[in-house]
Amino acid sequence: MARIDLLLLHPPSVYDFRQKSIMYGPISDLIPSSPVFEMYPLGFLTMTSYLEARGFKVRIVNLALRMMNDLDFDVRTFLSRLKPHAIGIDLHWLPHAHGSIEIAKLARECHPDVPIIFGGLSSSYFHEELIQYPVVDYVLRGDAIEAQLYALLTKLRAGEPPAGVPNLTWKVDGKVQVNPLSTTPHPPEPVDLNPVQMIRMVLRYRDLQSVLPFNGWWQNPITAVFTVKGCAHECLTCGGSRQANRRINARHEPTFRSPENLVKNIVDIGRISKGPIFLVGDLYQAGEDYALETLTRLGKATINNEIIFEFFAMPSLSCLQAIDQNVVNWSLELSPESHSEALRKVQNEKFFYTNAEMERVIAAALKLRCHRLDVFFMIGLPEQTQRSVMETIDYCEQLFATSDPRLSCFISPMGPFADPGSQCFENPEKFGYTLFARTLEEHRELLVQPSWRSILNYETTVMSRDELVDVTYTAAAALNALKLRYGRINKGRGQAVAARIRQAAELETRLRLCSDSGVALDPHELELLRGEIHDFSVSTVCDKRELFWRRHVNNFKWLGILRALLFRS
Ligand code: B12
Ligand code: SF4
């Protein structure tokens with residue numbers, strides 16, 4: 001069996017979701033994952049690239065996806081067949097609070113002497129609580145820890161104590177040690193993400209299933225390329241905002257990838273995949289010169305993949321033209337969060353833009369070659385009422401009426417959790433939030449509640465958890481009806497979504513009544529809900545397929561893959 005120096009495991013949100021009767025709700029409808037949150041962090045790929053380039057053998061296993069795709073997949077049996085020297089588990093997104101610890105327990109059972117390392121944003125935030133779990137040996141804090149992980153693995157291999165490894169929280173004889181955060185955790189050039197390493201990994205371990213990022217990726221092979229570590233913005237609800245990054249990662253300013261390195265990464269992906277490439281982070285955050293240099297390089301590289309740009313602030317019209325001149329196939333994502341300018345201002349005061357400014361950008365993009373323009377709205381904002389949410393849907397109608405079918409709108413609740421480290425989590429009273437969980441353990445308990453209403457870790461002073469749930473389904477049904485009317489979705493799909501929303505809302509109401517009256521749900525219904533992740537929690541605010549781009553008959557460039565394997569590191 002091929003050597004494994006580091007086994008990277010991605011847990012499901014809840015272990016074992018296949019045995020539990022939980023209605024997760026539409027908490028993942030606007031991302032490719034299901035409510036199991038089976039997508040592993042991009043950082044798995046950067047860590048792999050860094051370590052493999054230095055002689056370590058890394059294997060990624062997406063346990064969440066394996067469990068979803070094969071109901072008989074037994075985690076214990078699978079893990080016990082492997083012989084790793086170290087195990088890494090991500091607790092990056094807080095919704096993995098339950099699954100990550102449970103997977104660590106299984107890993108410990110199978111490999112009592114193998115060190116278990118946790119990492120990711122939520123691990124960093126909760127490091128002092130996390131290290132108290134007996135199954136957690138090390139927590140690596142920070143958002144750019146490739147070098148520190150390499151140092152830790154090297155020490156472990158040599159049998160030396162990791163006293164000098166920056167960013168590490170660990171234990172000596174049960175006593176917690178918190179090594180200081182590195183003063184240079186922010187390499188000017190964030191570590192590359194080499195897609196060829198993934199193919200090598202598949203061949204080395206003869207296991208494709210474990211490396212796939214989410215259910216359906218093979219048919220919709222979207223890839224993401226990050227442009228930045230950290231963020232310049234201060235959105236109140238975001239755990240990756242500037243002040244959250246300061247607090248958790250000691251990252252005071254965002255660090256941008258060089259245009260050269262960024263475009264190289266896009267070109268590398270374009271050589272092997274025809275799928276869309278999502279540029280994570282607003283290119284114009286680093287200034288117009290940075291964006292223009294990136295776009296000029298992209299223009300010279302002649303990429304045919306669809307490139308998806310997101311804007312956090314509204315770009316100038318010349319920015320849009322620069323995209324159009326240099327990128328053949330492009331799409332745009334905007335997240336105004338609400339139609340209400342007042343609410344938008346509360347959410348992100350510094351980079352506020354008006355509806356009129358956004359509408360000018362929309363009109364200009366649609367006059368150019370922009371293939372698709374998605375506008376995202378959110379439920380659960382500070383000061384947002386039920387009425388305001390429904391007015392957002394009215395605004396969507398306005399956008400539909402004045403734009404062509406390349407524009408679509410989406411709305412979803414902030415969920416399941418308000419992000420730790422965000423301002424609304426750190427100062428809930430100030431921003432009108434009530435939190436139902438603060439610690440890691442409290443979040444673990446929330447995750448196994450029977451319905452998403454009681455899983456939400458927050459409500460606002462103007463919308464209770466019940467109201468957040470109710471308005472989500474009402475708004476989703478109204479938006480879906482608009483999409484049908486304005487031809488954004490075909491009749492069959494639109495009607496199916498409407499039926500799913502009705503069914504989900506009815507079940508949620510029954511669960512609520514049972515919970516409020518202390519009566520158990522009908523055993524037959526409980527059994528129907530056991531292991532259920534699709535019928536009541538997927539495509540219940542929009543059809544999941546609306547998220548994906550057009551497919552190719554053949555999504556991959558096999559010759560390019562072969563060439564990359566033969567000639568590149
Ligand atoms: C891009 C992005 C996404 C992409 C996913 C990309 C991906 N596969 O990683 C999409 C849009 C799909 C997404 C979805 C979600 N996201 Co998101 N996302 C981001 C964003 C904007 C950037 C993250 C990024 O590019 N990181 C760069 C990569 C290279 O680094 P990394 O993955 O973080 O990995 C490094 C470290 O974290 C660490 N690390 C990570 N894992 C491990 C494991 C071990 C063992 C070790 C040692 C280290 C380690 O080391 C890595 C290398 O240095 C951040 C906001 C921000 N400004 O950071 C939000 C953010 C991370 N997302 C967040 C959330 C809540 C979600 C969702 C739960 C939202 C939802 N309900 O749908 C889902 C979960 C998806 C899933 N797992 O299935 C929150 C997390 C808050 C929290 N503490 O829980 C953030 C902070 C802000 C936000 N609200 O969007 N997201
Ligand atoms: S939500 Fe706001 S703060 Fe968070 S990553 Fe996006 S722009 Fe930055």
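Trainee: In which sense do strand 1 and strand 3 pair?
Mentor: This is a predicted model. Strand 1 covers residues 6-10, and its Leu7 stands opposite Ile87 in strand 3. Over 3 bridges, the sense in which strand 1 and strand 3 pair is parallel.

Trainee: On the strand 4 side, which residue is the bridge partner of Ile89?
Mentor: Strand 3 and strand 4 run parallel and are joined by 4 bridges. In strand 4, the bridge partner of Ile89 is Phe118.

Trainee: Through which helix does the chain cross from strand 3 to strand 4?
Mentor: The two strands run parallel. The β-α-β crossover from strand 3 to strand 4 is right-handed, and its path leads through helix 4 (residues 97-110).

Trainee: Are the residues on the two faces of strand 3 buried or exposed?
Mentor: In a regular strand the side chains alternate between the two faces of the sheet. Ile87 and Ile89 lie on one side of strand 3, with Gly88 and Asp90 on the other. Both faces are covered, and all four of these residues are buried.

Trainee: Which helix gives the most to the shell around ligand 1?
Mentor: Strand 3 and strand 4 each supply at least two residues of this shell, as do helix 1 (43-52) and helix 5 (121-125). With 4 residues, the element that gives the most is helix 1.

Trainee: How many residues surround ligand 1, and how many of them are charged?
Mentor: The residues that surround ligand 1 number 39, and among the closest are Ser33, Leu94 and Asp419. By class, the shell has 20 nonpolar and 13 polar residues, and the charged ones number 6.

Trainee: Between which domains does ligand 1 lie?
Mentor: Residues of the shell around ligand 1 come from both domain 1 and domain 2. Ligand 1 therefore lies between domain 1 (6-195) and domain 2 (219-547).

Trainee: How many residues of strand 13 are buried?
Mentor: Strand 13 (residues 330-337) runs parallel to strand 12, with 5 bridges between them, and Ile308 stands opposite Ser331. The chain reaches strand 13 from strand 12 through helix 12 in a right-handed β-α-β crossover. Another 5 bridges join strand 13 to strand 14 (residues 372-379), again in parallel, and Leu332 has Leu373 as bridge partner. Strand 13 is mostly covered, and of its 8 residues the number buried is 7.

Trainee: With which residue does the side chain of Glu508 make a polar contact?
Mentor: Glu508 is found in helix 20 (residues 491-517). The relative accessible area of Glu508 is 1%, and buried means under 20%, so Glu508 is buried. At 2.4 Å, its side chain makes a polar contact with that of Ser451.

Trainee: How many charged residues does the shell around ligand 2 have?
Mentor: Ligand 2 is surrounded by Cys231, His233, Cys235, Cys238, Ser241 and Phe312. By class, 4 residues of this shell are nonpolar and 2 are polar, while the number of charged residues is none.

Note on methods. Residues are numbered from 1 along each chain as its sequence is written. Chains are lettered from A and ligands numbered from 1 in the order in which they are written. This is a predicted model: local features need pLDDT of at least 70, side-chain atom pairs count only at pLDDT 80 or more; totals for chains, interfaces and linings use all residues. Side-chain values use heavy atoms; hydrogens and water are left out. A residue is near a molecule or strand if one of its heavy atoms lies within 4 Å of it. Ala, Val, Leu, Ile, Met, Phe, Trp, Tyr, Cys and Pro count as nonpolar, Asp, Glu, Lys and Arg as charged, and the others, Gly among them, as polar. Domain bounds come from an automatic or database domain assignment. Buried means under 20% relative accessible area, exposed over 50%, partly exposed in between (1.4 Å probe, protein chains only). Two strands pair if DSSP finds at least two bridges between them. A crossover is right-handed if, with the strands pointing away from the viewer, the path from the first strand over the helix to the second runs clockwise. A polar contact is a pair of N or O atoms within 3.5 Å; within protein, one must be able to donate a hydrogen and the other to accept it, and residues adjacent in sequence count only if both atoms are side-chain atoms.
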